[in-house]
Amino acid sequence: MILTTTPKIDGREIAEYKGIVFGEVITGVNFFKDFGAAVRNLIGGRAESYENELMNAREEAIQEMVTRAEKLGADAVVGIDVDYEMLGENNGMMMVSVSGTAVSLK
């Protein structure tokens, strides 16, 4: 499966547009990650626990989108967009959503 943020794939021609596909993941941010991030905020540095959680959520959302594109018979997903949002009480949940257009290639 070819994945790209661009509207086309160099050297390939789109034969058919299969439809828009999405992948969404909502994950909770727990006390220990919050505590570690607060300490990092005070002393400086990167909040690796948040970064890892974000990376895992993004990869899961992309995989969900790919699975949906495969069900449509797509060879690629073009025009991919990735969005992040904090949800819930005290922003305790993180949502990662990805979308793109599933296509078949010649």
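Isoleucine 14 has leucine 105, a residue of strand 4, standing opposite.

Visitor: Happy to start there! What kind of model is this, and which strand does isoleucine 14 face?

Guide: Welcome! This is a predicted model, and the residue facing isoleucine 14 belongs to strand 4.

Visitor: In which sense do strand 2 and strand 4 pair, and over how many bridges?

Guide: To read a pairing, look at the direction of the two strands and then at the bridges. Here strand 2 (residues 14-28) pairs with strand 4 in the antiparallel sense, over 13 bridges.

Visitor: And how does strand 3 pair with strand 4?

Guide: Strand 3 (residues 76-87) is antiparallel to strand 4, with 10 bridges.

Visitor: Which way does strand 1 run relative to strand 3?

Guide: Strand 1 (residues 2-3) runs parallel to strand 3, joined by two bridges. Isoleucine 2 has alanine 76 as its bridge partner there.

Visitor: Is strand 4 mostly covered or uncovered?

Guide: Burial is read from relative accessible area, with under 20% counting as buried. In strand 4 (residues 93-105), 11 of the 13 residues are buried.

Visitor: What is valine 96 in contact with, beyond four places in sequence?

Guide: Its contacts include Val25, Leu54, Ala61 and Val82. As for isoleucine 62, it is 34 residues from valine 96 in sequence and 9.4 Å away in space, C-alpha to C-alpha.

Conventions: Residues are numbered from 1 along each chain as its sequence is written. This is a predicted model: local features need pLDDT of at least 70, side-chain atom pairs count only at pLDDT 80 or more; totals for chains, interfaces and linings use all residues. Side-chain values use heavy atoms; hydrogens and water are left out. Buried means under 20% relative accessible area, exposed over 50%, partly exposed in between (1.4 Å probe, protein chains only). Helices (H or I, at least four residues) and strands (E, at least two) are DSSP runs, numbered from the N terminus. Two strands pair if DSSP finds at least two bridges between them. Contact means heavy atoms within 4.5 Å.
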